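Please keep the sequence and the coordinates at hand while reading.

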Amino acid sequence: MKLPSRDEAIKMMREAGCSEGVIRHCKSVTRVALRIAEKLKMRGYDLDLNLIEIGGLLHDLGRAKTHGVEHGAIGGQMARERGLPEPIARIIERHVGAGITPEEAKRLGLPDGDYIPRTLEEKVVAYADKLIEGEKEVDFEETLNRFIEELGEDHPAIERMRRLHREMMELLGETIKE
Ligand SMILES: [Fe+2]
């Protein structure tokens with residue numbers, strides 16, 4: 001799999017029309033994603049750090065076109081149009097919240113596709129994105145509360161986010177503050 005370099009990925013974001021703020025956000029998410037990935041590696045999990053780095057830098061490519069929930073799906077299409085490898089397109093389209101089920105995707109009018117993060121690389125980028133607000137690191141709970149305010153406690157996306165958080169904490173061997 002031929003991945004762009006870090007500089008090429010950033011250039012691609014800029015040329016697609018992403019704002020400097022979005023690019024800074026993507027760099028912050030990538031920093032956190034790599035930190036998590038290195039910890040997981042030390043715990044014996046096998047994951048592709050280069051894929052996480054370039055996927056992290058490109059994860060909000062779709063924000064060149066829209067900041068709506070569809071920016072993941074659109075970003076995935078943009079990645080494919082640009083000839084980026086499929087694992088990058090999938091990181092991009094699976095990073096929104098803790099993923100979007102087929103039923104919700106349909107309701108949201110997204111093109112048919114699988115919007116649930118499945119590989120470790122996809123999960124790490126989606127999760128790291130929940131630990132960054134703008135460019136600043138926040139607790140997972142802060143992001144969760146933001147989603148609750150927006151979607152309501154009963155929205156299925158909320159339980160999915162809690163599940164991703166629990167899964168990541170478990171993989172990292174960390175205990176959850178409840
Ligand atoms: Fe995003």
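The sulfur of Cys18 lies 6.7 Å from the closest cysteine sulfur, which belongs to Cys26, and this is too far for a bond, given that a disulfide is defined as a pair of cysteine sulfur atoms within 2.5 Å. The model is a predicted one, in which local features need pLDDT of at least 70 and side-chain atom pairs count only at pLDDT 80 or more, while totals for chains, interfaces and linings use all residues. Residues are numbered from 1 along each chain as its sequence is written, and side-chain values use heavy atoms, with hydrogens and water left out.

**Cysteines**
- By the distance rule, the count comes to 0 disulfides, and Cys26 is accordingly in no disulfide, the nearest cysteine sulfur being that of Cys18.
- Cys18 is buried, with a relative accessible area of 6%, where buried means under 20% relative accessible area, exposed over 50% and partly exposed in between, for a 1.4 Å probe and protein chains only.
- Cys26 also counts as buried, because its relative accessibility is 1%.

**Iron site**
- The iron ion is coordinated by Asp60 through OD, and by His71 and His95 through NE2, at 2.1 to 2.3 Å; donors are N, O and S atoms within 2.8 Å of the metal (3.2 Å for Na, K and Ca), and water is not among the atoms, so sites may look incomplete.
- In sequence, the donor residues of the iron ion follow the spacing D-x10-H-x23-H.
- The pair of His71, in helix α4, and His95, in the loop between α5 and α6 (102-107), links distant parts of the chain, the two being 24 residues apart; helices (H or I, at least four residues) and strands (E, at least two) are DSSP runs, numbered from the N terminus.
- His71 counts as buried because its relative accessibility is 5%, and His95 counts as buried at 1%.

**Helix α4**
- Within helix α4 (residues 71-81), the buried residues are His71, Gly72, Ala73, Gly75, Gly76, Met78 and Ala79.
- The cover over these buried residues of α4 includes α1 (6-16) and α5 (86-93).
- Gly83, which follows α4, has a positive phi, near 75 degrees.

**Thr30 in helix α2**
- Thr30 has its place in helix α2 (residues 20-42) and is buried, with a relative accessible area of 1%.
- Leaving aside neighbours within four places in sequence, Thr30 is in contact with Arg6, Glu53, Gly56 and Leu57, contact meaning heavy atoms within 4.5 Å.
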